[in-house]
Amino acid sequence: MMEKDTSFLFSGITFNRKKFARDFSRFQEKEIDCTAEKPGLIDDGSSVMVPADKKRKRKAAVSDPVDGFSVFKSSKSKAVDKVEANNEENLLLGKKEYHRQLERDALFRKKHNIHVSGSNIPSPLQSFAELKSRHSCKSYLLRNLAELGFKEPTPIQRQAIPVLLSGRECFACAPTGSGKTFAFLCPILMKLERASKDGIRGVILCPTRELAAQTARECKKLVKGKKFYIKLMTKQLAKSADFSKQPCDILISTPFRVQFAVRKRKLDLSKVEFLVLDEADKLFELGLVEQVDAVVKACSNPSILRSLFSATLPDTVEELARTIMHDAVRIIIGRKNSASESIKQKLVFVGSEEGKLLALRQSFSESLNPPVLIFVQNKERAKELYNELRYDDIRADVIHADLPEVQRETAVDNFRSGKTWVLVATDVIARGMDFKGVNCVINYDFPDSMAAYIHRIGRSGRAGRSGEAITLYTEADVPYLRNIANVMSASGCDVPAWVMSLAKKKWRKHRPQRDSISTKPEE
Ligand SMILES: Nc1ncnc2c1ncn2[C@@H]1O[C@H](COP(=O)(O)OP(=O)(O)OP(=O)(O)O)[C@@H](O)[C@H]1O
């Protein structure tokens with residue numbers, strides 16, 4: 001007799017349920033799973049009594065999944081199809097809108113002379129209001145902007161600000177006096193949001209102390225009413241301050257002083273999130289590049305955002321920049337390495353060194369329209385020319401690298417405030433300095449490079465104002481005239497035809513030996 005609960009197949013086999021309880025339970029689970037997955041296999045002709053409605057339900061339950069599956073499948077597939085169709089439509093619309101936006105951006109950039117290269121470049125700013133609507137700019141910054149009288153972003157600000165805010169690195173070339181300073185300060189301030197005591201988060205490197213001081217001053221104007229720690233690295237700070245003990249959000253300095261403090265282990269730059277190299281091509285020149293390199297290395301935060309700004313960006317600097325930057329956006333306003341179009345540029349032949357002083361005095365006696373900035377080749381010549389002019393009836397002063405820091409500061413302040421009418425200078429203030437309303441720049445000595453020419457004359461004609469630049473030249477300078485003539489004609493100034501027909505000469509630090517400026521016998 002067959003045991004009641006054993007099938008024919010298992011006859012003669014005694015299954016030890018106790019011993020194989022675990023396996024058995026697994027087997028049971030599997031069985032249940034199987035039926036659940038394959039409901040069609042359930043035998044509905046069971047002899048177990050099932051009430052009619054339950055039977056129906058059961059039938060339904062049995063068939064439901066099958067039907068349900070197909071029904072669900074068909075209804076799901078319709079829904080899925082619809083969603084997919086919608087997605088496709090949206091994608092298409094999205095793509096169309098995306099392309100429309102690209103077209104709008106391209107037109108807008110064309111209108112503002114903005115040239116960009118790189119992938120996925122954020123749209124340029126239409127207005128400062130977009131800083132709030134698109135980028136949630138805090139109201140203190142907008143208030144300070146309005147107080148400074150900034151109504152519309154300049155072209156470099158329109159493009160560089162959204163690029164940096166989107167977390168992209170960039171190198172930018174825009175004319176002198178076109179608002180590059182705010183283009184890099186604004187995104188840093190917006191990203192930092194509030195002051196912190198967790199270490200330095202932004203570093204701005206400038207080639208000279210004067211420019212660093214000016215940038216710090218501009219930055220402080222922008223954070224007015226907000227507690228941010230903006231520090232200008234002075235000689236004293238570099239020597240003695242322990243930055244781990246004092247809060248500093250943004251540090252503005254020459255590379256030399258930062259490098260010095262880092263070496264003295266007084267400065268930890270490992271948390272820096274933003275590094276700006278202002279006047280980048282100057283910073284990459286021999287003598288400075290080693291210090292910049294040390295600072296770049298000390299800023300070891302892997303997510304650091306670096307940016308380079310200048311009015312002149314030679315290809316060699318771009319190449320170098322690319323080696324330290326990741327997926328950077330290149331922004332050029334107008335033509336690369338060109339002078340500001342609001343400056344009227346002139347070339348004046350003076351024959352000899354003697355002729356220069358005569359021409360200068362004559363022009364001052366006919367019409368002196370201060371403030372006037374005069375550039376000479378080196379500090380000795382700056383001293384000589386100043387000594388000639390100081391007894392003339394004009395308020396003149398001088399600035400060069402031999403002067404102590406305080407005297408340099410005073411010279412800049414007096415010129416800024418109008419106390420000084422004529423400032424004799426070396427190239428130490430040729431870059432970045434923003435003296436509002438300089439009416440005329442005189443290149444007493446021919447500049448030693450195209451970049452020097454563009455930056456020197458760029459001290460006038462700033463922020464849309466008009467200005468004048470006069471370049472005196474002697475026989476010794478004639479071979480290099482054509483280079484300046486090219487810059488002049490590119491920015492719409494008249495150049496005599498004979499100058500344009502001169503051969504181009506490679507311009508490498510043209511600093512000829514010149515006769516002394518002094519007319520007084522040596523003591
Ligand atoms: N959006 C703006 N509207 C009006 N004025 C502005 C605006 N942005 C900046 N300025 C002003 O323009 C002047 C020149 O700006 P800035 O010094 O930043 O020029 P820059 O491009 O850095 O020049 P450089 O190449 O000589 O360093 C400053 O006086 C600044 O206050």
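These are my notebook entries on what I looked up in this predicted model.

**Ground rules**

I count residues from 1 along each chain as its sequence is written, and I use heavy atoms for side-chain values, leaving out hydrogens and water. Local features need pLDDT of at least 70 and side-chain atom pairs count only at pLDDT 80 or more, while totals for chains, interfaces and linings use all residues.

**The chain as a whole**

I looked up the secondary structure and found 18 helices and 14 strands. Helices (H or I, at least four residues) and strands (E, at least two) are DSSP runs, numbered from the N terminus. Of the 523 residues, 44% count as buried. Buried means under 20% relative accessible area, exposed means over 50%, and partly exposed lies in between, with a 1.4 Å probe and protein chains only. I then looked up contacts, meaning heavy atoms within 4.5 Å. Among contacts with a separation of 6 or more, 75% are between residues 24 or more positions apart.

**Helix α6 and its two partners**

Two packed helices are described by the angle between their axes and the distance between the axes. The axes here are lines fitted to C-alpha atoms, for helices over the stretch in contact, and angles run from 0 to 180 degrees between N-to-C directions.

How do the axes of α4 and α6 cross? Helix α4 (residues 139–148) and helix α6 (residues 180–192) have axes that come within 10 Å and cross at roughly 155°. That makes α4 roughly antiparallel to α6; angles over 145 degrees count as roughly antiparallel, under 35 as roughly parallel, 65 to 115 as roughly perpendicular and the rest as oblique. The crossing of α4 and α6 is right-handed. I note the rule: right-handed if the near helix is turned clockwise from the far one by less than a right angle, left-handed if anticlockwise. On the α4 side, Y140, L141 and L145 meet F182, C186, L189 and M190 of α6. The residues of this contact divide into seven nonpolar, no polar and no charged. Ala, Val, Leu, Ile, Met, Phe, Trp, Tyr, Cys and Pro count as nonpolar, Asp, Glu, Lys and Arg as charged, and the others, Gly among them, as polar.

Next I looked up α5 (residues 155–165), whose axis comes within 9 Å of that of α6 and crosses it at roughly 30°. α5 and α6 are therefore roughly parallel to each other. Their crossing is right-handed. From α5, the residues in contact are I156, Q157, A160, I161, L164 and L165, and they meet K180, F182, A183, F184, C186, P187, M190 and K191 in α6. By class, the contact of α5 with α6 has 11 nonpolar, one polar and two charged residues.

**Cysteines**

I counted disulfides, each a pair of cysteine sulfur atoms within 2.5 Å, and the count comes to zero. C137 is buried at 3% relative accessible area. For C206, the closest cysteine sulfur is in C219, 11 Å away, again too far for a bond. C206 is buried too, at 0%.

**Helix α17**

The buried ones are L481, R482, N483, I484, A485, V487 and M488. What covers them includes β9 (343–351), α16 (450–457), β14 (467–474) and α18 (497–500). G492 follows α17 and has a positive phi, near 85°.

**A buried lysine**

I looked up K356, which lies in helix α13 (residues 353–366). K356 counts as buried at 0% relative accessibility. Leaving aside residues up to four places away in sequence, K356 touches V350, R381, Y444, D445, L472, T474 and R514.

**Backbone exceptions**

Most residues other than glycine have a negative phi, and most peptide bonds are trans. A cis peptide bond joins P370 and P371, with omega about 0°. P371 sits in the loop between α13 and β10 (372–375).

E193 is not a glycine, yet its phi is positive, about 65°. I find E193 in the loop between α6 and β3 (202–205), partly exposed at 34% relative accessible area. E279 also has a positive phi, near 55°. E279 is in the loop between β6 (274–278) and α10 (280–283), and it is buried at 5%.
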